[in-house]
Amino acid sequence: MGLVGDVKRTTDFLRKAFTSRRAHRAVSRTFASRPLTPHRFRIAVYFADSEVNMYQMRQWYGPLRKLAERWPVVVMARNAMGAKALLDDGALPIAFVPSVTSVERFLDAQDIRIVLYVNQNTRNFQMFRYGGCWHVFINHGESDKMYMTTNQYKAYDFAFVAGQAARNRLSRVLWDYDIDRRTIEIGRPQADHYSADVPYAPDDRTVVLYAPTWEGDRPAARYGSVVTHGVELVDALLATGRHRVVYRPHPRSGVVDRAFGEANARIIQAIRTANEKDPSAQHVYDDGPDLGWQLAAADVAIVDISAMVYDRLAVGKPLLITLPADPAAEIDEGGYLSACEWLEPEGALDIVAEIDRVRADPEATERLAHWVEHYFGDTTPGAATAKFHAAVEQLMAKWDDWNARAGA
């Protein structure tokens, strides 16, 4: 078994290496044929990941395209597969900068004043060496996971955070971190871009979004529910005839634990079978690049402890959060998770009653409204976008000030 495993790992490594080299050549040829206009861009989004983490970029497309109407935005792609995915999406201008030398050439050719980061990739450190611009962590979501209070926040000049909950969280954990100076509240600008056409004909069915996270790479982060909750709750909802399931699994489901991949496959097949038996049900397996319509359209959302909790919270509609079955999973109960609507593993079999309860309970509705304001402030359409743009304008003014001092 050990030899077979070694052979498989070697084969997978060689296949990935071949695919990466081929993508590198193809992407390099594409970018060589379409050079960027010199000195056009003022804002860069730094993305060092492959296509597997494209969900972290895609949720920012709407806000960044709107921002680009005022300040031209370009994405600096360090990974060939990530660059190819960005090219295929066609949402924003792309610079392929796989080497440090190519990063330097790009910076020499442009006038970048703000660099935005959507994650904590270790290659971010290579970009921090460059002064003359603000390095700003914008993250790829709001949550109470330990990821949201990492000491890596201190590496950035500033962090754009959702609201008071984020500031409180950082204040509790980070030592000697100037919250007032280095964080700027912007709400959830992605929520201003949630609406879109849905892939079904709306009717009187209750639409339930089930959006679990992956299994995690360590015990403290084992928040995934596909195995412990997912199969049972989806089967129960598919059987009612009065619910429509929208299933959006994490793209990394099954990467670490095969059981998660198998459970994910069972859910997908169950949805396919249910639609074959009753085409009017229009259940949805959603693995598309766009995130937003699912959150806005669902009558109830069922999510794991992840950024999806807060993406949905920004909508202000009912949600249930799966309680991790693994006692090693760390849960920050200092915020919304102290008062949320938990769905325990055994509750998955009684999911219909749980959904009916969370929709009808006035106390649950009141609690939800309180926490929406605490995490995101004013969620009036357009308010977060205005905050995002104001934060950028503030840093542009700071750039002018510091640039003038440096030239004095």
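So, quick one to start: does C133 count as buried or exposed? At 10% relative accessibility, C133 counts as buried, where buried means under 20% relative accessible area, exposed over 50% and partly exposed in between, with a 1.4 Å probe and protein chains only.

Before I go on, this is a predicted model, so local features need pLDDT of at least 70 and side-chain atom pairs count only at pLDDT 80 or more, while totals for chains, interfaces and linings use all residues. Residues are numbered from 1 along each chain as its sequence is written, and side-chain values use heavy atoms, with hydrogens and water left out.

As for disulfides (a pair of cysteine sulfur atoms within 2.5 Å), the structure holds zero.

Next, Q120. You'll find Q120 in the loop between β4 (114-117) and α6 (124-128); helices are DSSP runs of H or I with at least four residues, strands are E runs of at least two, numbered from the N terminus. Q120 is buried, with 11% relative accessible area. Contact here means heavy atoms within 4.5 Å. Setting aside neighbours within four places in sequence, Q120 touches F137, Y147, T150, Q152, Y153 and Y156.

Last, the helix pair. α9 (residues 226-238) and α10 (residues 258-277) pack at about 5 degrees, axes 9 Å apart; axes are lines fitted to C-alpha atoms over the stretch in contact, and angles run from 0 to 180 degrees between N-to-C directions. The contact includes V226 and L238 of α9, and F260 and I271 of α10.
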